[in-house]
Amino acid sequence: NKPLVLVQEADPAKGGGTLQELRAQCPEVLQPEIFDSGWAQTTWHRIDEYQRVSLKIISEALLLCSPHYLNLTSLPLFIPGEV
(Lines give C-alpha, C1' and ligand atoms only; values in the text may rest on other atoms or scores of the structure.)
Protein backbone atom coordinates (compact mmCIF):
# COMPACT_ATOMS: atom_id res chain seq x y z
CA ASN A 1 0.00 0.00 0.00
CA LYS A 2 1.22 3.44 -0.90
CA PRO A 3 0.21 6.58 0.97
CA LEU A 4 -2.56 8.60 -0.56
CA VAL A 5 -3.63 12.20 -0.03
CA LEU A 6 -6.95 13.28 -1.48
CA VAL A 7 -6.60 16.73 -3.04
CA GLN A 8 -9.91 18.23 -4.08
CA GLU A 9 -9.79 21.00 -6.68
CA ALA A 10 -12.03 23.88 -5.50
CA ASP A 11 -12.49 25.59 -8.88
CA PRO A 12 -15.13 23.94 -11.11
CA ALA A 13 -13.51 25.63 -14.13
CA LYS A 14 -10.38 23.57 -13.40
CA GLY A 15 -12.22 20.26 -12.98
CA GLY A 16 -13.19 20.74 -9.35
CA GLY A 17 -16.27 19.36 -7.72
CA THR A 18 -17.67 18.06 -4.49
CA LEU A 19 -16.21 14.90 -2.97
CA GLN A 20 -19.47 13.15 -3.85
CA GLU A 21 -19.06 14.14 -7.51
CA LEU A 22 -15.44 13.04 -7.55
CA ARG A 23 -16.32 9.74 -5.89
CA ALA A 24 -18.97 9.12 -8.55
CA GLN A 25 -16.30 9.55 -11.25
CA CYS A 26 -14.07 6.94 -9.58
CA PRO A 27 -14.50 3.25 -10.52
CA GLU A 28 -16.83 1.73 -7.92
CA VAL A 29 -14.38 -1.04 -7.02
CA LEU A 30 -11.76 1.56 -5.98
CA GLN A 31 -14.08 3.89 -4.06
CA PRO A 32 -13.84 2.24 -0.61
CA GLU A 33 -10.01 2.12 -0.66
CA ILE A 34 -9.74 5.73 -1.81
CA PHE A 35 -12.59 7.48 -0.04
CA ASP A 36 -13.30 5.38 3.07
CA SER A 37 -9.82 4.53 4.36
CA GLY A 38 -9.14 7.67 6.37
CA TRP A 39 -6.56 9.17 4.03
CA ALA A 40 -5.60 12.79 4.58
CA GLN A 41 -7.52 15.20 2.42
CA THR A 42 -7.34 18.86 1.53
CA THR A 43 -9.01 21.28 -0.84
CA TRP A 44 -6.78 22.98 -3.41
CA HIS A 45 -7.58 26.68 -3.72
CA ARG A 46 -6.05 29.17 -6.15
CA ILE A 47 -5.10 31.64 -3.40
CA ASP A 48 -1.47 31.53 -2.20
CA GLU A 49 -2.22 31.41 1.53
CA TYR A 50 -4.61 28.48 1.11
CA GLN A 51 -2.21 26.67 -1.21
CA ARG A 52 0.43 26.82 1.50
CA VAL A 53 -1.96 25.19 3.97
CA SER A 54 -2.73 22.45 1.44
CA LEU A 55 0.97 21.90 0.71
CA LYS A 56 1.68 21.46 4.42
CA ILE A 57 -1.18 18.95 4.75
CA ILE A 58 0.12 16.98 1.75
CA SER A 59 3.73 17.11 2.99
CA GLU A 60 2.86 16.07 6.51
CA ALA A 61 0.69 13.15 5.39
CA LEU A 62 3.40 11.76 3.14
CA LEU A 63 6.24 12.33 5.63
CA LEU A 64 4.29 10.53 8.36
CA CYS A 65 4.25 7.44 6.12
CA SER A 66 8.02 7.43 5.79
CA PRO A 67 10.14 5.18 8.04
CA HIS A 68 11.72 8.09 9.92
CA TYR A 69 8.35 9.49 11.09
CA LEU A 70 6.20 6.36 11.46
CA ASN A 71 5.94 6.71 15.25
CA LEU A 72 4.62 10.28 15.08
CA THR A 73 1.06 11.53 14.58
CA SER A 74 1.89 15.07 13.47
CA LEU A 75 4.80 17.24 12.43
CA PRO A 76 5.39 20.92 13.18
CA LEU A 77 5.78 21.93 9.54
CA PHE A 78 6.13 25.54 8.51
CA ILE A 79 7.10 27.53 5.47
CA PRO A 80 9.94 29.98 6.12
CA GLY A 81 8.63 33.50 6.49
CA GLU A 82 5.04 32.56 7.33
CA VAL A 83 3.38 34.13 10.34
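## Terms and basis of the model

A residue is called buried under 20% relative accessible area, exposed over 50%, and partly exposed in between (1.4 Å probe, protein chains only). The model is predicted, so that local features need pLDDT of at least 70 and side-chain atom pairs count only at pLDDT 80 or more, while totals for chains, interfaces and linings use all residues. Residues are numbered from 1 along each chain as its sequence is written, and side-chain values use heavy atoms, with hydrogens and water left out.

## Overall architecture

The chain contains three helices and two strands, arranged along the sequence as β-α-α-β-α. These elements are DSSP runs numbered from the N terminus: helices are H or I runs of at least four residues, and strands are E runs of at least two. The C-alpha trace spans about 40 × 30 × 15 Å along its principal axes.

Of the 83 residues in the chain, 18% are buried. The accessible surface comes to about 6300 Å², and carbon and sulfur atoms account for 57% of that area; the areas come from the Shrake-Rupley method with a 1.4 Å probe. A contact means heavy atoms within 4.5 Å. Among contacts between residues at least 6 apart in sequence, 40% join residues at least 24 apart.

Glu 9 lies in strand S1, residues 5-9, and counts as buried because its relative accessibility is 15%. Its side chain reaches the backbone nitrogen of Asp 11 at 3.0 Å. Not counting residues up to four places away in sequence, Glu 9 touches Lys 14, Gly 15, Gly 16, Gly 17, Trp 44 and Arg 46.

Arg 46 forms a salt bridge with Glu 9, with 2.5 Å between the closest N and O atoms. This pair links distant parts of the chain, 37 residues apart: Arg 46 belongs to the loop between strand S2 (40-44) and H3, and Glu 9 to strand S1. A salt bridge is a side-chain nitrogen of Lys or Arg within 4 Å of a carboxyl oxygen of Asp or Glu. Arg 46 is partly exposed, because its relative accessibility is 46%.

## The other salt bridges

A search of the whole structure finds three salt bridges. Side chains of opposite charge can pair when their charged atoms come close.

Asp 36 pairs with Arg 23 in a salt bridge whose closest N and O atoms are 2.9 Å apart.

Lys 56 is partly exposed because its relative accessible area is 24%, and Glu 82 is partly exposed at 32%.

## Ser 54 in helix H3

Ser 54 has its place in helix H3, residues 48-63. At 1% relative accessibility, Ser 54 counts as buried. Apart from residues up to four places away in sequence, Ser 54 touches Thr 42, Thr 43 and Trp 44.

Note on methods:
Polar contact = N/O pair within 3.5 Å; in protein donor to acceptor, adjacent residues only side chain to side chain.
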